[in-house]
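Open the model in your viewer and keep the selection tool at hand. This tour says what to pick next and what is there.

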Amino acid sequence: MGLILKAAGANFEANAVSYIPPVADGLLYWGFLNDSVEKLGRNFAPEGAPVSVVGVPPVTSAGAVLDKNNHIKTQIQQTPSLTLIAVGNPLVDGAEQGMFISNYTSARPSGVAGTSFGASLYCNNDASAGTFHAVATVSSFSGVGGSASNVKSAFIYGMDITKTAFLAMTIDGTEKIVRAYNLGTSVSEATPAFSEAIDLGVTPFEIGGCPLTTYINNPRHLHFAAIYNRKLSKAELDLIYARVKPYLAARGVSV
């Protein structure tokens, strides 16, 4: 017979070093982006590689504001199958362009000549005031060194800039379809399947940042992010949404 000890009202999250996620297979990064800069520098994925913080991002109990000068660097490299998850929204209407998770741009693996545009989950300006759209991109190329990198993008349009979006993108290395999801509204879009090789980049992913320093990377609210080295199913994404949603709600973030 076991004994369980409970401390009423206690919160041990500030001292936690890992987390048991609802979907563990393939998890490389799990980030609760709130409370302190120190906490932004933790990877809560079990046995996940350490991450580092660039700059001094503004942080509250609800989340952080990340941009080109204040973001998180991971050690995670792009894989042919991949899932990126980010919860956030742009800070300023009319200046929505910026990355949630990205390795744009990068050298190619194994010494293959040329530059890859990698994979990104980001947001961009909408023509209408007060709205933004999310973009999920994976680049492809002919497989020949020196050839151009071609971006395959799935879009979710018309999101209210004042509302936090629970976004995800997936790619399967065999299926080669890029899928974008807004899990809070059950909206999804997908690209046609493509035949070119996936153009992998070796530069590790950044959370809220972009390896291409000249890219316009405006500030955005970020509350949570995760990276998997495989394509998650919609059912698995829904499990993550169901787990993270009440956690964020307790911090005043509605998704």
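Predicted model: local features only at pLDDT ≥ 70, side-chain atom pairs only at ≥ 80, totals over all residues.

Numbering starts from 1 along each chain as its sequence is written, and side-chain values use heavy atoms, leaving out hydrogens and water.

**Stop 1: the cores.** Select Tyr29, Ile101, Ile207 and Ile227. These have the most contacts inside the largest nonpolar core, which has 38 residues. Such a core is a set of buried Ala, Val, Leu, Ile, Met, Phe, Trp, Tyr and Cys residues joined through side-chain atoms within 4.5 Å. Buried means under 20% relative accessible area, exposed over 50%, partly exposed in between (1.4 Å probe, protein chains only).

Now focus on Ile227. Leaving aside residues up to four places away in sequence, Ile227 touches residues including Leu28, Tyr29, Ile76, Ile101, Phe205 and Ile207; contact means heavy atoms within 4.5 Å.

**Stop 2: salt bridges.** The whole structure has 10 salt bridges, each a side-chain nitrogen of Lys or Arg within 4 Å of a carboxyl oxygen of Asp or Glu.

- Select Asp35 and Lys39: their side chains meet at 3.1 Å, N to O. Asp35 is partly exposed at 36% relative accessibility, whereas Lys39 is buried at 3%.
- Select Glu38 and Arg42: this salt bridge spans 3.5 Å, N to O. Glu38 is exposed at 57%; Arg42 is buried at 18%.
- Finish at Arg230 and Glu236, whose closest N and O atoms are 2.7 Å apart.
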